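User: Please go through the structure shown below with me, taking the pocket and the aromatic rings in turn.

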2 protein chains.
Amino acid sequence: MAKNLKSIQRREREREELREQILDVAMSIFTKEGYEAVTIRRIADEVEYTPGALYSYFGDKEDIVFALVVRASKKLNALFQSLEALPHPLERLWATGRAYMRFAMENPVEYDLLFIMSAPIQKMAECDFDETRTAFHILRKTVQECMEQGFLPRADADAAAFAMWSFVHGSVSLMIRKRLAAIPEEKYDDLLQGAFNFLMNAMMPRHQETPAIMLSAPKVLAKKKIGKK
Amino acid sequence: MAKNLKSIQRREREREELREQILDVAMSIFTKEGYEAVTIRRIADEVEYTPGALYSYFGDKEDIVFALVVRASKKLNALFQSLEALPHPLERLWATGRAYMRFAMENPVEYDLLFIMSAPIQKMAECDFDETRTAFHILRKTVQECMEQGFLPRADADAAAFAMWSFVHGSVSLMIRKRLAAIPEEKYDDLLQGAFNFLMNAMMPRHQETPAIMLSAPKVLAKKKIGKK
DNA sequence: ATAAGAATTGAACATTGTTTAATTTACTAT
DNA sequence: ATAGTAAATTAAACAATGTTCAATTCTTAT
């Protein structure tokens with residue numbers, strides 16, 4: 001009766017490992033070949049199990065996709081939390097915007113899962129997803145502080161925070177979903193940076209001195225400009 | 001040999017009618033039950049033909065979806081063109097933004113097809129789609145005029161136009177794809193209007209007198225507030 | 001070694017998009 | 001009117017999808 005604790009723990013750990021491996025594989029296929037290629041049979045092939053086996057790890061395909069959303073959400077949240085420490089609210093706002101755009105452009109599949117795809121919205125609604133909710137509240141708080149300290153025109157903080165989120169989301173999602181036929185892809189980075197600068201500068205009260213960070217800011221995607229050569 | 005012109009014309013017209021009916025039905029299913037419900041067999045059922053028959057009208061399913069995109073594109077373009085006549089560039093900019101948001105919120109399926117879905121992007125890339133391209137150029141021209149007349153801070157017109165498009169796209173697509181858990185749906189309209197006002201006001205040079213239209217502007221989605229009672 | 005329990009398989013289902021040979025329909029020429 | 005022809009439509013099949021479940025294998029405690 002009294003089962004061996006060691007083996008039951010090990011079995012649980014192995015189950016968890018396979019679960020993670022399934023998600024790894026799903027993500028990898030998604031990234032390399034697009035969502036249509038993410039198939040139960042294809043995943044099963046790559047983890048060397050039978051399709052049916054996956055159903056003892058996930059209820060259905062949507063559960064797999066949703067698990068990917070949760071992963072992506074944690075990744076983005078960690079990024080945001082690392083910025084909360086910045087004391088200057090305008091610098092924080094600036095850095096958050098840049099980090100958001102950069103995350104999206106460097107992790108388009110994660111971004112797609114989090115903010116564009118319709119596949120997981122059913123289950124996202126059920127879990128009602130605190131992550132993005134708190135992210136928005138943090139953004140609003142930052143905006144509010146900016147207003148209080150005179151870096152932004154005083155106005156409804158909800159509206160202003162939503163406006164900024166809308167801008168960054170809009171710009172990256174137009175790029176990710178290739179709805180920018182008017183602009184060649186090489187110019188995406190410059191455009192992103194230029195539009196962001198334009199908005200931030202435009203919003204700053206005229207008498208306000210432009211903070212140093214806004215003048216010396218590197219490009220949004222400055223770092224790893226891999227491939228493309 | 002010399003075929004009867006009348007009947008060949010009529011056959012062509014009938015073909016065209018069925019083609020349109022297929023698109024009507026597809027759009028109707030999409031609107032009422034979502035994209036997953038839009039199935040070749042389902043469409044065939046509703047037009048009272050056999051699934052195979054549809055393939056003499058469209059090459060494949062993606063062709064059908066793309067035809068829906070073309071339809072939506074014409075609809076949106078007509079809307080834009082009706083605004084080109086406005087002489088005052090800031091008023092035109094303002095009206096265009098409101099019209100865009102309103103189009104999206106009142107025609108979420110069309111908007112999805114045009115700017116969010118990934119299904120038709122293959123064929124959109126092939127046709128390289130002049131519609132949205134010229135729409136962007138028109139927007140840029142309006143922005144440019146606003147800058148020249150002192151209604152917007154002088155800056156790169158491409159970046160500024162892109163920033164504005166990004167904002168409106170971002171806001172409506174977050175709503176359409178239900179990524180706004182932080183905000184109850186009843187507030188969508190107010191938020192849209194508030195964010196738009198915030199951005200427009202923030203961008204206007206401080207010394208500039210606020211044009212009348214910006215003060216008296218009705219809500220973005222003022223008109224038909226159907227249902228929801 | 002054996003029994004119990006968990007994990008995995010294999011085979012089946014229903015549903016998808018798509019193709020194609022066969023059939024029906026519509027129309028022209030006699 | 002009739003036969004022939006070209007177009008339109010069907011019916012049936014295919015492969016691939018998500019999913020289920022009885023049968024089998026594997027693991028582990030006794």
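User: What is the volume of the second largest pocket?

Analyst: This is a predicted model, in which local features need pLDDT of at least 70 and side-chain atom pairs count only at pLDDT 80 or more, while totals for chains, interfaces and linings use all residues. Residues are numbered from 1 along each chain as its sequence is written, chains are lettered from A and ligands numbered from 1 in the order in which they are written, and side-chain values use heavy atoms, with hydrogens and water left out. A pocket is an open set of points on a 1 Å grid over the protein atoms alone, where a 1.4 Å probe fits, with protein on both sides within 12 Å along at least five of seven lines. With points joined across faces, edges and corners, and volume taken as the space filled by probe spheres set on them, the second largest pocket has a volume of about 520 Å³.

User: How are B:Phe136 and B:Trp165 placed in the chain and towards the solvent, and how is their ring pair classed: stacked, edge-to-face or tilted?

Analyst: B:Phe136 lies in helix H7 (residues 130-148) and B:Trp165 in helix H8 (residues 157-176) of chain B, 29 residues apart. Both are buried (under 20% relative accessible area, with a 1.4 Å probe and protein chains only), B:Phe136 at 3% and B:Trp165 at 9%. Rings of Phe, Tyr and Trp (its six-membered ring) pair if their centres lie within 6.5 Å, with planes under 30 degrees apart stacked, over 60 edge-to-face and the rest tilted. Since the centres here are 6.0 Å apart and the planes at 45°, the pair is tilted.

User: Which ring does the charged end of A:Arg15 sit over?

Analyst: A charge sits over a ring if NZ of Lys or CZ of Arg is within 6 Å of the ring centre and within 35 degrees of the ring normal. In chain B, the charged end of B:Arg15 sits over B:Tyr57, 4.2 Å from the ring centre. For A:Arg15, the distance to the ring centre is 4.2 Å, and the ring is that of A:Tyr57.

Key: Helices (H or I, at least four residues) and strands (E, at least two) are DSSP runs, numbered from the N terminus. Buried means under 20% relative accessible area, exposed over 50%, partly exposed in between (1.4 Å probe, protein chains only). On a 1 Å grid over the protein atoms alone, a cavity is a set of points where a 1.4 Å probe fits but cannot get out, and a pocket is an open set with protein on both sides within 12 Å along at least five of seven lines; lining residues have an atom within 4 Å of a point.
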